[in-house]
Amino acid sequence: MRKINLSVAFLFFMGLSYLQAQERIPQVEALLEKMTLEEKIGQLNLLTPGGGVATGSVVSEDVEAKIKAGQVGGVFGVSSPERVRQAQEIAVKNSRLGIPLLIGSDVIHGYKTTFPTPLGLSSSWDMELIKETAKVAAKEATADGINWNFSPMVDISRDPRWGRVAEGAGEDAYLGSQIAIAMVEGYQQDDLTQPQTMMATVKHLALYGAPEGGRDYNRVDMSRTKMFNEYLPPYKAAVDAGVGSVMTSFNDIDGVPASGNKWLLTDLLRERWGFDGFVVSDYTSVNEMIAHGMGDLQDVSAMALKAGLDMDMVGEGFLTTLKKSVDEGRVSEEEITTAARRILEAKHKLGLLDDPYRYSDASRPEKDILTAGNRQLARLAATQSFVLLKDHNQVLPVSKKAKIALIGPLADDQTNMLGTWAPTGDFKLSVPVLEGFKNVAPKAKITYAKGANITNDTAYAKKVNVFGPKVEISNRSPEKLLQEALKVAKAADVIVAVVGEASEMSGEAASRTNIQIPESQKRLIRELVATGKPVALVLMSGRPLDISEEMEMPLSILQVWHPGVEAGNAIADVVFGDVNPSGKLTMSWPRNVGQIPVYYGERITGRPAASEEFEKFKSNYLDVVNSPLLPFGYGLSYTSFEYGKSKASSENLRADEEIIISTTVTNTGKKVGKEVVQLYIHDKVRSLTPPKKQLIAFKKIELKPGESMTVEFPVTVEDLKFYNGSLEYVYEPGEFDFFVAGSSNSDFDGTFTVVE
């Protein structure tokens, strides 16, 4: 392997990657032969005409003129078959060589049919379901002319202060990798030339989920072994699954911004991982290297190109400086040709060079977008994402015959149901909770009251409302809202309170240091509990919250994230018991913000706390125990499950063999239920300090009341590998503890030994 890598490095030094040296696409090479230097640079330029949600303040100017001049390789923020055809006709009929455009978009959790936010969807632990949501998103987006998607985001994060945890799959590299594969396969499927598939973009390379202070766009600093073992695996999984493009992150790695980091974009991505697609910057991230301290626009543009960046999003540094850099010998035309080749190869993979209008079928939107079947999938996906955190006195499910007080600022709300980063969705088509309750339980006696504002802080609301009113503060006083709600509550049999975050209180540029439910709503919850009536909280958020106070209250809590276009119907399905909740948390929930980062796979220290009791001179806190409030993998059900002892089919595992680890799971309750069965290991002795626990497999099963199932997990040494201090991917002989359980919060009950 090392000899192969040396060969790759040599070929790259000569101006060619290993894969490019092996294979050329005649159609692409013929175009490159005809292209001027300026036209090659033009292919590296990605613009937006505006009109959509952007991640920065810059909107491209004179887009049409630049397309005609051959100065644009792709655009985003353009949709509909008619508008996309118009854009392609400008490129094909008016530019010298008639090269079609890539048409990109942020299709993060559905297109028009909006699914739960990705963190919510990850809580389903259902890879086939996740893959199907991506497949539907691709079908809808391509029907509207889009052929390239800026998704999936696979950034691992252990910091819920960072708002973009809403877009990811949580804290675990193994689960995140499985979801990355499912998303890529769903978007791209088997043939990118098929008009219902779209090119995926894995983002953000790399480490974007670990910013200091949980503050978006902030610097990142970590060791190489931590990168390789805990943060890089989902990106690599997406590359191995054949993802077509990669987007760089805003942060630095080892002090070098990602968009100009040669170790990241060439040594790691291309030479070590064998990526053969193209790399695009995030929104103006090349220009932002100036603020990082890397030089002026010409400096950072040359740096980015030489590092391995192929396409510049919006900033136009490539367009305006690369020719000058060639003239001055700072970059070579061959380096520009290599980048242009990668863009053209992507267009070839999509079939655009043969048919620029394959995504401009005007008959498709009506039959492919927001269909009844798509909405039904969104409803199903939402129900599978909900996590039952607590069920005090089995308040949930609620009887359809009960008198129900439906209370809360999110109980009759459309604007927040889609969640963050749903720019292609239409919130006016979403189903509010009140409407969903009436749909699912039409004969129920339901009385609604707002009860509180999402927040009473007008300055805070203004920050949340940058892209439109997500927090609306009532003209009525908080006191009047509360008294109205209490009147409704006292006349009811049961209270369902829909509370939490507005959609834009999480997501990009939405970091928070206080991750509690806003005080306006906490007061409402306290007062509702004080009525003595049964209370169930339906909790919406894009991130784990600090709900330590609420967990101590006599109430039930159903975490529903931001559920998407079918929010109200899906919530009603679960609240009324038509669907049994089966979601499991993919991020640990802290007891307070001071615990962050708190995650299940932390490494053991030399002075570990032996128990939850305080011990002086051990690694613990004076004021709170070490464990999270709610652990990774946790989630309750309306039924109950009992696990037998975990067993291994053999005491020894050899390199060329496998063992089967199994347990028996029994539904000991009275309802049909689904359970996510999870296998964790612990390497007792190894050359790098091991994590306390490590997820290596899981299965989601369904059991009838009284039914038992033996769940088996085949394990080989491949499942036990890690990157050692030399960044070699190895396993080491020795003893491994294991357990199979319904969450990470369990004790090891079995051991096997890896032998030479």
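Biologist: Which residue follows H14, and is its phi positive or negative?

Modeller: Helices here are DSSP runs of H or I, at least four residues long, numbered from the N terminus. H14 is followed by Gly308, and the phi of Gly308 is positive, near 125°. Keep in mind that this is a predicted model, where local features need pLDDT of at least 70, side-chain atom pairs count only at pLDDT 80 or more, and totals for chains, interfaces and linings use all residues. Residues are numbered from 1 along each chain as its sequence is written, and side-chain values use heavy atoms, leaving out hydrogens and water.

Biologist: What does the pLDDT average for the protein?

Modeller: pLDDT is the predictor's confidence in each residue, from 0 to 100. The protein averages 95, and 96% of the residues score at least 70. Over residues 1-21, though, pLDDT is below 50, and over residues 51-58 it stays under 50.

Biologist: How do the axes of H8 and H9 cross?

Modeller: Axes are lines fitted to C-alpha atoms over the stretch in contact (heavy atoms within 4.5 Å), with angles from 0 to 180 degrees between N-to-C directions. Those of H8 (residues 127-143) and H9 (residues 173-188) come within 7 Å and cross at roughly 35°. Residues making the contact include Ile130 and Ala134 of H8 and Ile179 and Met183 of H9.

How values were computed:
Helices (H or I, at least four residues) and strands (E, at least two) are DSSP runs, numbered from the N terminus.
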